[in-house]
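Please look over the structure below before reading the notes.

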Amino acid sequence: MKHMNESFPEDFILMGFTKYPWLDVPFFFALLTSYMFTLLGNIAIILVSQLDSQLQSPMYFFLTSLSSLDLCFTTTTVPQMLFNLGGPNKNITYIGCMTQAYVFHWLGCTECVLLGTMALDRYVAVCKPLRYPVIMNHKLCRQLSSTAWLIGLANSLLQSTLTVQLPLCGNQELDHFFCELPGLIKMACVDTTVNELTLAVVATFLIMGPLSMILVSYSYIAQAVFRIPSTGGRLKAFNTCSSHLLVVSLFYGPGIYIYMQPSGDSPKDLIKVLTLFYCVITPMANPFIYTLRNKDVKGALRRLLRRAILSKKI
């Protein structure tokens with residue numbers, strides 16, 4: 001039992017930016033503001049997609065799935081981060097840490113696959129517009145979305161379980177804001193080559209697979225867009241696809257840097273900033289990227305607000 005207690009501590013100390021204590025207060029308020037915008041933006045996307053009859057298409061089904069995923073993704077880490085930043089206690093329980101690692105990895109992998117699926121949806125919409133409602137029927141959309149969640153879950157169960165089994169020999173200080181697999185692997189007091197290679201190889205497949213699907217889809221989409229005779233049609237297709245491409249860039253960029261070289265000698269503070277970027281900034285930015293460049297969503301938001309105001313007057 002003593003060996004178990006030394007190998008697996010009761011709690012961890014999340015170091016975060018503890019060597020910059022003056023950052024705690026401004027970072028707390030910046031994180032709180034970002035989290036509030038994330039909640040409001042993604043909930044608004046879900047509501048308008050579900051309540052507006054003009055947004056009952058596969059594109060908005062996947063957008064709703066992405067918003068739901070982002071809500072869960074950011075809620076997995078941000079409340080704990082706010083708790084640690086708001087006071088002197090920087091701890092998280094061992095069970096809480098492992099649960100956070102499992103869920104965070106699950107949701108991150110799911111988003112990788114879902115973004116690739118959304119690119120496939122855009123390919124069918126632009127390149128096969130007449131057959132789009134038949135091909136991307138509601139049953140197929142649900143199957144594709146469920147597949148993304150199941151792939152993410154299977155990978156998380158594999159990777160997180162391998163990581164949880166590593167002995168820590170009493171190490172409690174986790175040099176991060178939350179429990180993420182690369183940081184937990186580095187805490188181990190045994191050879192972690194197998195864990196690092198497994199993480200890098202599986203991450204390569206899970207990142208590069210959907211990314212290759214995205215690049216191939218958009219190469220066909222670009223050819224189809226240039227063949228559209230009207231300028232308005234080309235602009236509409238470009239605006240819809242550019243929103244998705246921007247979201248892909250914000251999410252995949254930091255993920256590739258962190259997960260495809262887990263044993264690298266990258267600066268720790270840079271890794272922390274990049275991780276915060278894709279787990280805090282990207283979920284906040286996604287709703288605004290899609291609404292600011294999408295007339296349908298903006299129109300649906302206006303109609304929803306108008307209905308809410310009229311119902312209050314009645």
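The model is predicted, and a search of the whole structure finds 3 salt bridges.

**Asp 24 and Lys 90**
- Asp 24 and Lys 90 form a salt bridge in which the closest N and O atoms are 3.2 Å apart.
- Asp 24 belongs to helix H2 (residues 24-51), while Lys 90 sits in the loop between helix H3 (58-85) and strand E2 (91-93), so the pair ties together parts that are 66 residues apart in sequence.
- Both Asp 24 and Lys 90 are buried.

**Asp 121 and Arg 122**
- A salt bridge joins the side chains of Asp 121 and Arg 122, with 3.1 Å from N to O.
- Asp 121 counts as buried because its relative accessibility is 2%, and buried means under 20%.
- Arg 122, at 10% relative accessibility, also counts as buried.

**Asp 175 and Lys 272**
- The side chains of Asp 175 and Lys 272 meet in a salt bridge, at 2.7 Å from N to O.
- This pair links distant parts of the chain, 97 residues apart: Asp 175 is in the loop between strand E3 (173-174) and helix H7 (181-187), and Lys 272 is in helix H10 (residues 268-292).
- Asp 175 has a relative accessible area of 33% and is therefore partly exposed.
- Lys 272 counts as buried, at 2% relative accessibility.

Key:
Residues are numbered from 1 along each chain as its sequence is written. This is a predicted model: local features need pLDDT of at least 70, side-chain atom pairs count only at pLDDT 80 or more; totals for chains, interfaces and linings use all residues. Side-chain values use heavy atoms; hydrogens and water are left out. A salt bridge is a side-chain nitrogen of Lys or Arg within 4 Å of a carboxyl oxygen of Asp or Glu. Helices (H or I, at least four residues) and strands (E, at least two) are DSSP runs, numbered from the N terminus. Buried means under 20% relative accessible area, exposed over 50%, partly exposed in between (1.4 Å probe, protein chains only).
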